[in-house]
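Subject: Structure for your records

Hello,

Please find the structure below, with the sequence. My notes on what was found in it follow.

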Amino acid sequence: MQTSTVKKISGLARLILPGLILMLWAVASHNEWVHPYLLPSPSRVAKAAWSLLSKGELTMHLGVSLRRVLTGFTITMCIAVPLSILIHFLGWLKTLTKGSLEFLRSIPPLSAIPLLILWFGIGEASKIAVIVMASFFPVFLNVLSGLNNVDENWLELADSLQLTRTDYLKAVLIPSALPAILTGIQLGISYSWRALMGAEMIAAASGVGYLILDSQEMGRIDRVFVGIFTLGICGIILDRVLMKIFNSCIPWQNLEAGKTW
């Protein structure tokens with residue numbers, strides 16, 4: 001069977017379970033097995049989505065959330081990648097920072113929200129800080145792992161050519177570690193997106209997380225569903241776009257094929 005046909009069949013198979021869940025949801029809401037306040041019908045949710053879209057509210061909230069995620073993740077990259085490279089080269093820095101980093105890795109970002117509000121206020125800084133905390137370690141650990149696991153043949157080649165440290169970094173280390181770095185970026189973006197809800201719980205006036213919380217307070221559960229679906233759909237789209245870009249950067253290794261499921 002051709003690869004394209006297999007992909008089409010696989011794509012259709014993935015829609016079976018969501019289709020069944022949608023049918024069950026429609027039947028349950030039509031027969032009022034669950035109170036309509038708790039489980040609005042799919043048509044009511046679709047109407048709420050259309051209303052938010054036509055008024056531009058959903059687009060506005062989504063734009064704000066994307067800006068926060070990209071800002072937080074850019075800061076993460078600026079800290080995590082240089083720190084990984086420094087720790088790879090400087091053994092004393094690894095010894096110095098290992099205990100502190102392991103301690104910080106054990107702290108859930110949401111538990112730090114009260115402190116972040118005290119330190120950074122209720123503006124954008126505290127929200128960005130939550131996203132940085134959530135995305136730092138996936139990036140840092142993957143980059144460091146990539147740097148520490150360079151192929152022995154590449155190391156022997158670098159030794160034989162007597163490369164300077166700068167040339168070794170540019171010509172051997174970074175290219176060899178690139179798949180792990182890209183995996184770290186993908187995971188970091190994913191963790192940033194997940195942390196968004198917590199970040200936008202901090203006295204936000206916009207963003208998809210704010211839309212969900214505000215709708216819940218107003219008793220608009222249909223809009224809550226719209227917000228949750230928006231987060232899920234955008235997360236999938238973001239992941240797919242990154243995967244396509246990364247696979248074009250390293251055509252010799254299909255990152256998507258390395259997924260466990």
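Which residues does leucine 147 touch, not counting those up to four places away in sequence? They are Ser84, Ile85, His88, Leu173 and Ala177, where contact means heavy atoms within 4.5 Å.

First, the conventions. This is a predicted model, in which local features need pLDDT of at least 70 and side-chain atom pairs count only at pLDDT 80 or more, while totals for chains, interfaces and linings use all residues. Residues are numbered from 1 along each chain as its sequence is written, and side-chain values use heavy atoms, with hydrogens and water left out.

Overall picture. The protein has eleven helices and zero strands (DSSP runs numbered from the N terminus: H or I of at least four residues for helices, E of at least two for strands). The C-alpha trace spans about 75 × 60 × 30 Å along its principal axes. Of the 261 residues, 36% count as buried (under 20% relative accessible area, with exposed over 50% and partly exposed in between; 1.4 Å probe, protein chains only). Among contacts between residues at least 6 apart in sequence, 69% join residues at least 24 apart.

Helix H7. This helix covers residues 124-148, 25 residues in total, and reaches 36 Å from its first C-alpha to its last. That is close to the 36 Å expected at 1.5 Å a residue (1.5 Å times one less than the number of residues). A kink of about 35° lies at serine 135, shortly before proline 138; the bend is the angle between axes fitted to the seven residues ending at a residue and the seven starting there. Because 19 of its 25 residues are buried, H7 is largely enclosed by the rest of the structure.

Cores. The largest nonpolar core has 26 residues, of which Ile87, Leu101, Phe136, Phe140, Leu147 and Ile185 touch the most other members. (A nonpolar core is a set of buried Ala, Val, Leu, Ile, Met, Phe, Trp, Tyr and Cys residues joined through side-chain atoms within 4.5 Å.) H4 (57-89), H5 (91-105), H7, H9 (165-199) and H11 (221-249) each supply at least two residues of this core. H9 gives the largest share, eight residues. A second, separate core of 19 residues includes Ala129, Ala134, Ala199 and Cys234.

Annotation. An unreviewed UniProt entry lists several spans as "transmembrane region", including residues 12-28 and 168-189. In the model, residues 12-28 are 94% helix and 0% strand, with end C-alpha atoms 25 Å apart. Residues 168-189 are 100% helix and 0% strand, and their end C-alpha atoms lie 28 Å apart.

Regards

Key: UniProt positions renumbered as here; feature names shortened; annotations may be inferred.
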